[in-house]
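The sequence and structure come first, and the description follows.

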Amino acid sequence: MLKPGGLLRIGEPDWDSLVVDGDLEMNRAFNRFTCSTMVRNATIGRQLARLARAAGFEVETVHTAAPVFHDFALADNIFAFTRNTERAIRAGAIERADGE
């Protein structure tokens, strides 16, 4: 429960804008697959401020971040690249040779 005057912090990724350095077409194919089949609302991150206002909250500030990961294991743990790439391959969204 949030008390009157309390501060609420919310955050969600914007899956539709996920960028991975590498092959551009592979990145786009992965994003299309992930956004259309793996996440319920791929653009929730960009919608949060509007939804909070509509729910009656006062939105003072919106901060965005574009994290850069140099550790694949950490990024894979967060974004499930390996698991979701395998799913995209099985669904025919990505060629196996491109996904490996």
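Is Thr34 buried or exposed? Thr34 is buried, because its relative accessible area is 4%; buried means under 20% relative accessible area, exposed means over 50%, and partly exposed lies in between, with a 1.4 Å probe and protein chains only. The model is a predicted one, in which local features need pLDDT of at least 70 and side-chain atom pairs count only at pLDDT 80 or more, while totals for chains, interfaces and linings use all residues. Residues are numbered from 1 along each chain as its sequence is written, and side-chain values use heavy atoms, with hydrogens and water left out.

**Overall form**

The protein chain contains five helices and zero strands, where helices (H or I, at least four residues) and strands (E, at least two) are DSSP runs numbered from the N terminus. Along the sequence the pattern reads α-α-α-α-α. The radius of gyration of the protein chain is 17 Å, whereas a compact globule of 100 residues would have one near 13 Å; this radius is taken over C-alpha atoms, and the globule rule is 2.2 Å times the number of residues to the power 0.38. Along the principal axes, the C-alpha atoms fill a box of roughly 55 × 25 × 25 Å. Of the 100 residues, 29% count as buried.

**Interior**

Thr34 belongs to helix α1 (residues 24-38). Leaving aside residues up to four places away in sequence, Thr34 touches Trp15 and Val39, a contact being heavy atoms within 4.5 Å. Trp15 is also among the residues with the most contacts inside the largest nonpolar core, which has 15 residues. Such a core is a set of buried Ala, Val, Leu, Ile, Met, Phe, Trp, Tyr and Cys residues joined through side-chain atoms within 4.5 Å. Helices α1, α3 (72-79) and α4 each supply at least two residues of this core, and the largest share, five residues, comes from α1. Phe81, another of the residues with the most contacts inside the core, touches Leu18, Val20, Phe30, Phe72, Ala75 and Asp76, not counting residues up to four places away in sequence.

**Salt bridges**

The structure holds five salt bridges, each defined as a side-chain nitrogen of Lys or Arg within 4 Å of a carboxyl oxygen of Asp or Glu. The table lists three of them.

| Pair | N to O distance |
|---|---|
| Asp14 and Arg46 | 2.5 Å |
| Glu25 and Arg28 | 3.1 Å |
| Glu86 and Arg90 | 3.8 Å |

Why does the pair of Asp14 and Arg46 tie together parts that are 32 residues apart in sequence? Asp14 lies in the segment before α1 and Arg46 in helix α2 (residues 44-54), so the pair joins these parts. Asp14 is buried, with a relative accessible area of 17%.

Glu25 and Arg28 are three residues apart in helix α1, so about one helical turn separates them. Glu25 is partly exposed at 48% relative accessibility, and Arg28 is partly exposed at 40%. Glu86 and Arg90 stand four residues apart in helix α4 (residues 81-90), so they too are separated by about one helical turn. Glu86 is partly exposed at 26% relative accessibility, whereas Arg90 is exposed at 59%. Salt bridges that share partners join Asp14, Asp16 and Arg46 into one network.
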